[in-house]
Structures are given as structure tokens and as C-alpha cells.
Amino acid sequence: DRAQLLFAQQCAVCHGEQGAGDWLAAYLLSPAPRDFTSGRFRLVSTQNGVPTEEDLVATLRRGMPGSAMPPFEWLSEADQAGLADLVVRLAVEGKARALVRQPRRR
């Protein structure tokens, strides 16, 4: 889909194919790229730390000041929303993988 293509073209070089913040350019960046799979986000408007779609779109539009992430205001609203949805999906999938890896207690 279009969001995955945009992510691959614009985001994956830093955030990685699965959003873990571990791809080719990541080691060069300070601060490090966000690991979406951790489910932790910094710029949120909610008390529980879970970003809204509006939070994620706002971050895409303005970029991350003090980091290497540029603003993506040139993307259409539909593309920004699609990327925001993809970031949420990467976070959910990352948390699910972490739960599966945890040892089971008897």
C-alpha cells in the first residue's frame, strides 16, 4: 500500500523496516531514531502516553526539532494519515512480538 511505500522511501533508512529505529543511518544519529515497536512516544497529548492520530500527524508535519527528522508537511493529508496509521501498526506489532518472546510462567 502507499503508506508502506512512503515509509520505505522516507522513513525506513532511520526507523528500520519494522520501525525498531535500527536501520542503516540510525547509528549516525543523535538522538537515535524512535523505536516505534517499543510503543513509547514522546510528543503526545494523552495522559496514558498513547499518541492519537493527530499527535502522529503533527509530528510528521513539523518533524522533530533537535533531531534529524525533517518536517513532512509536503505530504498530502491522506499520506500523513496513512503513515500515522502505519506507525501505530508497527507499535502494535512490536509489542505483540515482545509478548511472544517473553518466557511463560507456569
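**Close-up views of a predicted model**

**View 1. Helix 1 packs against helix 3 at about 85°, with axes 9 Å apart.** The model is predicted: local features need pLDDT of at least 70, side-chain atom pairs count only at pLDDT 80 or more, and totals for chains, interfaces and linings use all residues. Residues are numbered from 1 along each chain as its sequence is written, and side-chain values use heavy atoms, without hydrogens and water. The two helices are therefore roughly perpendicular (angles of 65 to 115 degrees). Helices are DSSP runs of H or I, at least four residues, numbered from the N terminus. Axes are lines fitted to C-alpha atoms over the stretch in contact, and angles run from 0 to 180 degrees between N-to-C directions.

**View 2. Residues of the contact between helix 1 and helix 3.** Helix 1 brings Arg-2, Ala-3, Gln-4, Leu-6, Phe-7 and Cys-11. Helix 3 brings Asp-79, Gly-82, Leu-83, Leu-86, Arg-89 and Leu-90. Contact means heavy atoms within 4.5 Å.

**View 3. A salt bridge joins the side chains of Asp-79 and Arg-2.** The N to O distance is 2.8 Å. A salt bridge has a side-chain nitrogen of Lys or Arg within 4 Å of a carboxyl oxygen of Asp or Glu. The structure holds 1 salt bridge. Asp-79 lies in helix 3 and Arg-2 in helix 1, 77 residues apart.

How values were computed:
Parallel < 35°, antiparallel > 145°, perpendicular 65-115°, else oblique.
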